[in-house]
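I opened the model to look up a few items on fold, surface and single residues. My notes follow, in the order in which I looked.

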Amino acid sequence: MKDKEHIQLEVNKTLDSFDDIQRASANPFLFTRIKARLLGEEKSFWSRAVVFISRPAISLSAIAVAIIINAAVFFEFRSESVPTTQDEEQVFASEYNLSPSTIYDATVDQQ
Amino acid sequence: MDEQILIEKLKQGDEAAFKQVVETWQNMVYNTALGILQNAEDAEDVAQEVFVQAYQSVKTFKAESKFSTWLYRITISKALDHLRRKKRKKRFAYVQSLFGTENQTIIEQPDFHHPGVVLDNKERAAILFKAIDHLPENQKVAFSLHKLEGLSYQEISEVMKTTLSSVESLMHRAKNNLKKWLEKYYGRG
């Protein structure tokens with residue numbers, strides 16, 4: 001362990017090492033680089049839209065919404081579909097002449 | 001050109017005005033970013049981002065504060081974001097190296113030498129920068145603005161949107177933390 005006084009001296013000297021510090025200068029071509037960057041950022045609306053849509057948060061949310069709508073529509077229609085009544089079946093059968101034929105009907109047709 | 005006229009022209013998208021804005025404040029922005037990031041390339045990158053954002057959002061600038069104060073705020077916000085991203089990447093690389101998924105070794109950051117430091121103080125200043133790197137964000141910002149940019153506590157309070165007493169407290173804690181770190185550093189050697 002070093003002498004406490006000596007350590008304190010070193011600490012103080014180090015804390016004062018920023019005295020008379022000069023401001024660092026930026027690259028002289030900074031403005032040219034900024035202009036190039038600005039031009040690069042002027043993207044079309046659609047390219048920005050694609051970037052926005054392809055964000056995981058956006059695309060996953062859209063998929064989740066689509067799944068929820070599909071599920072809701074599916075369960076809604078399933079609960080509404082009730083079995084057709086006897087009357088409706090008979091009307092349908094008579095309209096398309098689907099009633100079961102009997103032996104009597106066959107003999108009448110031959111005459 | 002008067003600052004107010006310059007800002008008005010910048011709001012109208014005048015390129016000559018933008019060039020003058022960059023030339024007037026580029027060293028201030030770069031030096032502030034350099035003090036926080038301690039890396040010349042990162043500081044230049046952030047300086048570019050700052051002026052791009054200033055150009056794009058100058059219409060939101062209200063003359064309630066000085067233009068330089070507004071630029072300081074953008075610079076600090078961008079520099080801290082950059083620093084957080086860098087630290088996140090470093091942590092991720094460290095985890096990867098632990099699990100052996102990547103065969104890369106983590107390279108220790110070399111000592112940072114600020115180009116404006118007097119030659120005699122070069123080595124000590126590098127140690128002080130190392131100590132500053134261990135400070136909490138707001139202490140680091142306050143200390144850097146005061147020591148590297150020469151801002152008064154009042155000016156720092158305007159930049160950081162806080163009270164004068166808060167800045168005084170931040171600086172006091174920053175100096176104490178730096179002292180502790182340096183005492184450990186010199187006591188070890």
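How many helices and how many strands are there in chain B? I find eight helices and zero strands in chain B, where helices (H or I, at least four residues) and strands (E, at least two) are DSSP runs numbered from the N terminus. The pattern along the sequence of chain B reads α-α-α-α-α-α-α-α.

I note the conventions: this is a predicted model, in which local features need pLDDT of at least 70 and side-chain atom pairs count only at pLDDT 80 or more, while totals for chains, interfaces and linings use all residues. Residues are numbered from 1 along each chain as its sequence is written, chains are lettered from A and ligands numbered from 1 in the order in which they are written, and side-chain values use heavy atoms, with hydrogens and water left out.

Entry: chain B overall. I read a C-alpha span of about 55 × 40 × 30 Å along the principal axes of chain B. Of its 189 residues, 44% count as buried; buried is under 20% relative accessible area, exposed is over 50%, and partly exposed is in between (1.4 Å probe, protein chains only). Among contacts in chain B with a separation of 6 or more, 61% join residues 24 or more positions apart; a contact means heavy atoms within 4.5 Å.

Entry: B:Asn31. I looked this residue up in helix α2 (residues 15–37) of chain B. Is B:Asn31 buried or exposed? B:Asn31 counts as buried because its relative accessibility is 1%. Leaving out residues up to four places away in sequence, B:Asn31 touches A:Arg23, A:Ala24, B:His114, B:Leu148 and B:Glu149.

Entry: B:Ala40. I place B:Ala40 in helix α3 (residues 40–57) of chain B. B:Ala40 counts as partly exposed, because its relative accessibility is 42%. Beyond neighbours within four places in sequence, I list B:Tyr30 and B:Leu34 as its contacts. From B:Ala40 to B:Leu128, 88 residues apart along the chain, the C-alpha separation is 17 Å.

Entry: A:Phe77. I find A:Phe77 in helix α4 (residues 56–80) of chain A. Why does A:Phe77 count as exposed? The reason is that A:Phe77 has 57% relative accessibility.
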